[in-house]
Amino acid sequence: MKIQFAPTNLPLSRRLQTASVLQWVFSFLGLAPSCIMLFFVLMFTRFWLISVLYACWWFVDWETPSKGGNRVHFLSNLRVWDYMRDYFPVKLVKTADLDPRQNYIFGFHPHGILVAGAFTNFCTYATGFRKLFPGLDSFLLMLPLWFRVPFFRDYIMMAGLIPSDKGSASYLLRRQGGGNAVVIAVGGAPEALDARPGAFTILLANKKGFVKLAMEHGAHLVPVFSFGENELFDQVENPRGTWLRSIQDKLQSIMGISLPLFHARGVFQYSFGIMPYRKPINTVVGRPIRVEKNEKATVEELDALHQLYTEELSQLFEEHKGKYGVPEDQHLSFV
């Protein structure tokens, strides 16, 4: 395989963009195991007291992730996220005003490999979320597993990430006065196994928990489609029914995380690696679907709202796909 190396005369801004994305990829793929290793290694050195004191803090702070986390706005506004935004680039598109006196559930689609669009738009301020939607704070849901990792849990909480369980989302959605937007990658980890360029497969047909949650709290539903999310990485072919997909599905059911075999480009060469391609991401926030509080919704009421949400998401995709290079004959496939 012929390797295409990066030019040596790239401007500093391009190098900084690459560095910013590299640290983000490492945070997703390598920081958690590194933190676990650090915690236990320190126990066997003269710095053992650090791990002991952290363990005490961890015990006291155990419930914080499920109570809104501990976001640090200063960190969400760092210059490094501007460089990450410009690497792809990432753009947040507003289609309607959102009343800051209400609470919302943003359904984010598709998941992609590493939910780059969701992180950049809703965990950082680089794309202007707070200016586009004044009065709203966004919280991105992440697998609860990661909030059991020492040190790493504090890092992701500072970015506005909270566990993807009902209790964590409910804590924010029942706050009086509104102003909270809970962002859920509805397809979750299983949808990552279908993430590849040109794919528009959305896991939604049997995903009704977020709709039920919205009804229980009277939180308005907002469909969000991130054009370009699936274009960032190539993935080894794994059609449903193949031995590879069966193994991946089994591992996902056991561990709660999916293991897509993905690749894209490298840091100093463009031929192979785990750095995402420089492909534009346009995250379009749709119109809110008004939801009345109904703590004891019937199956029929739940199905009706789920169907309405599906139709609104499909319409959002159809209205904007032409702007972002999606063929006219391409439509969403709901599974």
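**Stop 1: the largest pocket**

The lining of the largest pocket divides into 25 nonpolar, nine polar and five charged residues. In this classification Ala, Val, Leu, Ile, Met, Phe, Trp, Tyr, Cys and Pro are nonpolar, Asp, Glu, Lys and Arg are charged, and the others, Gly among them, are polar. The model is predicted: local features need pLDDT of at least 70, side-chain atom pairs count only at pLDDT 80 or more, and totals for chains, interfaces and linings use all residues. Residues are numbered from 1 along each chain as its sequence is written, and side-chain values use heavy atoms, with hydrogens and water left out.

The space in the largest pocket is about 1,000 Å³. To centre the view, select H111, M142, L143, G188 and A189, which are the closest to the pocket centre among its 39 lining residues. Then colour the elements that each give two or more residues to this lining: α1, β3 (137-142), α9 (166-173), β5 (180-185), α10 (188-191) and α11 (209-217). Of these, α11 gives the most, with five residues.

The terms here are grid-based: on a 1 Å grid over the protein atoms alone, a pocket is an open set of points with protein on both sides within 12 Å along at least five of seven lines, a cavity is a set where a 1.4 Å probe fits but cannot get out, and lining residues have an atom within 4 Å of a point. Points are joined across faces, edges and corners, and a volume is the space filled by probe spheres set on them. Helices (H or I, at least four residues) and strands (E, at least two) are DSSP runs, numbered from the N terminus.

**Stop 2: the second largest pocket**

Next select F200, G228, E231, Y324 and V326, the closest to the centre of the second largest pocket among its 18 lining residues. This pocket holds about 270 Å³ of space. Strand β7 (residues 220-227) provides the largest share of the lining, three residues. By class, nine lining residues are nonpolar, six polar and three charged.

**Stop 3: the enclosed space**

One cavity of 30 Å³ or more is counted. The largest cavity has about 80 Å³ of space. Select W24, S27, F28, F119, M142, F152, Y155, I156, A159 and L161 to show its lining. Nine of the lining residues are nonpolar, one is polar and none is charged.

**Stop 4: helix α5**

Select residues 79-87, which form helix α5; W81, D82, Y83, M84 and Y87 are buried there. Buried means under 20% relative accessible area, exposed over 50%, and partly exposed in between (1.4 Å probe, protein chains only). The cover over the buried residues of α5 includes α1, α4 (73-76), α6 (116-122) and α8.

**Stop 5: loop details**

Move on to P89, in the loop between α5 and β1 (90-94). F88 and P89 are joined by a cis peptide bond, with omega about 0°. Another cis bond runs from H109 to P110, with omega near -15°. P110 sits in the loop between β2 (104-109) and α6.

V115 is also placed between β2 and α6. V115 has a positive phi of about 45° although it is not a glycine, and its relative accessible area of 11% makes it buried. For F151, also not a glycine, phi is positive at about 70°. F151 lies in the loop between β3 and α8 and counts as partly exposed at 21% relative accessibility.

Now select S164, in the loop between β4 (161-163) and α9. S164 is partly exposed, at 33% relative accessible area. Leaving out residues up to four places away in sequence, S164 touches L141, M142, L143 and P144; contact means heavy atoms within 4.5 Å. What is the C-alpha to C-alpha distance between S164 and C123? The two are 15 Å apart in space and 41 residues apart in sequence.

**Stop 6: the whole chain**

Zoom out to the protein chain, with its 13 helices and eleven strands. The C-alpha trace spans about 60 × 50 × 45 Å along its principal axes. Buried residues are 51% of the 335 in the chain. Among contacts with a separation of 6 or more, 79% are between residues 24 or more positions apart.
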